[in-house]
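Morning, everyone. Please have the sequence and the model open while I talk. I will go through the sheet, then a helix, then a few single residues.

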Amino acid sequence: MKIIFIVIVAMLILLLIIYINHQIHLKGEAELRLPLGKMVEVDGHNMSVYIEGTGDTTLVFMSGGGTCSPILDFKSLYSLLSDKYQIAVVEKFGYGFSDVVDKNRDIDSILEDTRTALASAGLTAPYVLCPHSMSGLEALYWAQKYPNEVSAIIGLDMAVPEYYDSMNINIPLMRIASWAANIGVTRFIPGLSDSDAVKYGTLSDKEKEIYKAVFYSRTATVTMINETEWVKENAETVNSMGIPQLPMLLFISDGSGGTGFDKDTWRKIPIEYIAQIDGGKYIELNCPHYVHDYEYKAISESIIAFLSER
């Protein structure tokens with residue numbers, strides 16, 4: 001019992017040291033976490049919207065689940081498009097520079113937050129939606145519920161409802177990750193903050209520093225966990241609304257990079273989905289899930305060609 005007591009006390013002391021170290025670093029990183037875009041009020045909280053470029057067409061980039069810094073994650077791609085189009089990146093609650101909010105993340109709440117944020121930032125529909133991964137559900141629902149506000153969808157390996165029929169979602173593991181991030185344990189895991197955007201994108205050294213600073217304050221937030229808890233129900237809601245008929249281009253990865261699916265299954269599901277859309281197109285890419293951090297040049301050229309045909 002004495003040995004067990006000593007071990008417990010030692011662990012508590014170690015965790016205290018890790019936590020204090022984390023708080024010191026967070027304070028030192030405060031300037032790196034100054035918002036890169038506009039901060040607008042949505043439902044009494046602050047939400048981040050980044051705007052770049054000009055043009056008659058507005059491309060709205062929507063991040064996948066758990067992407068800590070959407071503004072920087074998409075930068076390698078939208079920086080190649082902002083000379084032709086107006087770019088907007090919406091950072092949902094719990095992401096990037098937006099507030100962490102403990103609230104329900106049903107599909108209607110998520111969508112209304114996004115619409116309000118864009119309007120508050122001075123942007124007007126219709127938009128071309130560019131969702132990555134899980135935000136594909138929001139984009140499809142947007143086109144279903146407000147068809148006049150969405151002129152096209154360009155899916156960056158985006159999710160469609162059928163993915164969630166068999167997807168295994170480990171909420172307890174996410175809660176452990178959240179605890180580890182809040183304590184500061186994540187700072188001691190080598191390479192953990194080196195996302196695909198950091199390793200393979202075109203971020204500057206300064207932007208990489210900002211990304212890592214945001215990572216240590218926006219990993220497995222309570223908002224992200226709430227969103228994940230709702231995702232299967234949200235997928236059912238989107239599925240029940242049918243398939244929207246509008247111009248759509250899907251970029252499809254090889255399924256690697258954390259999707260949990262094998263290559264053939266990952267590609268089969270969206271290909272079958274877009275086959276039901278008149279004039280729908282897809283492009284298969286031989287790269288992991290965060291396609292915009294790998295094939296940003298090829299994707300940008302295909303987006304320009306696709307939009308020029310409309």
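**Strand S3 and its sheet**

Strand S3 and strand S4 (residues 86-91) run parallel and are joined by five bridges. A word on the source: this is a predicted model, where local features need pLDDT of at least 70, side-chain atom pairs count only at pLDDT 80 or more, and totals for chains, interfaces and linings use all residues. Residues are numbered from 1 along each chain as its sequence is written, and side-chain values use heavy atoms, with hydrogens and water left out.

Some terms. Helices (H or I, at least four residues) and strands (E, at least two) are DSSP runs, numbered from the N terminus. Two strands pair if DSSP finds at least two bridges between them.

Back to S3. Valine 60 has alanine 88 in S4 as its bridge partner. S3 also runs parallel to S5, with four bridges between them. There, methionine 62 is partnered by proline 131 of S5.

Is S3 buried or exposed? Five of its five residues are buried, so S3 is largely enclosed by the rest of the structure. Buried means under 20% relative accessible area, exposed over 50%, partly exposed in between (1.4 Å probe, protein chains only). In a regular strand, side chains alternate between the two faces of the sheet. In S3 both faces are covered: Thr58, Val60 and Met62 are buried on one side, Leu59 and Phe61 on the other.

Now the whole sheet. Eight strands form an open sheet with mixed pairing, in the order S1-S2-S4-S3-S5-S6-S7-S8. Its edges are strand S1 (38-42) and strand S8 (281-284), each pairing on one side only.

At the S8 end, strand S7 (residues 248-252) pairs with S8 in the parallel sense, over four bridges. Phenylalanine 251 stands opposite isoleucine 283 in S8. Helix H11 (residues 263-274) packs on the sheet, touching S7 and S8, and its direction makes about 170 degrees with that of S7. Contact here means heavy atoms within 4.5 Å. Axes are lines fitted to C-alpha atoms, for helices over the stretch in contact, and angles run from 0 to 180 degrees between N-to-C directions.

**Helix H11**

Which residues of H11 are buried? They are Trp266, Arg267, Ile269, Pro270, Tyr273 and Ile274. They cover an arc of only 155 degrees around the axis, which puts them on the same side of H11. The arc is that of the directions from the helix axis to the C-beta atoms. Their cover includes H5, helix H6 (163-166), S7 and S8.

Look at the start of H11. A side-chain oxygen of aspartate 262 comes within 3.1 Å of the backbone nitrogen of aspartate 264.

First, aspartate 113, in helix H4 (residues 107-120). At 6% relative accessibility, aspartate 113 counts as buried. Its side chain makes a polar contact with the side chain of arginine 105 (2.7 Å). A polar contact is a pair of N or O atoms within 3.5 Å; within protein, one must be able to donate a hydrogen and the other to accept it, and residues adjacent in sequence count only if both atoms are side-chain atoms. Beyond four places in sequence, aspartate 113 touches Val42, Met47, Phe93, Lys103 and Arg105.

Second, glutamate 52, in strand S2 (residues 45-52). Its side chain makes a polar contact with that of tyrosine 50 (2.5 Å). Leaving aside neighbours within four places in sequence, its contacts include Tyr78, Ser82 and Ile87.
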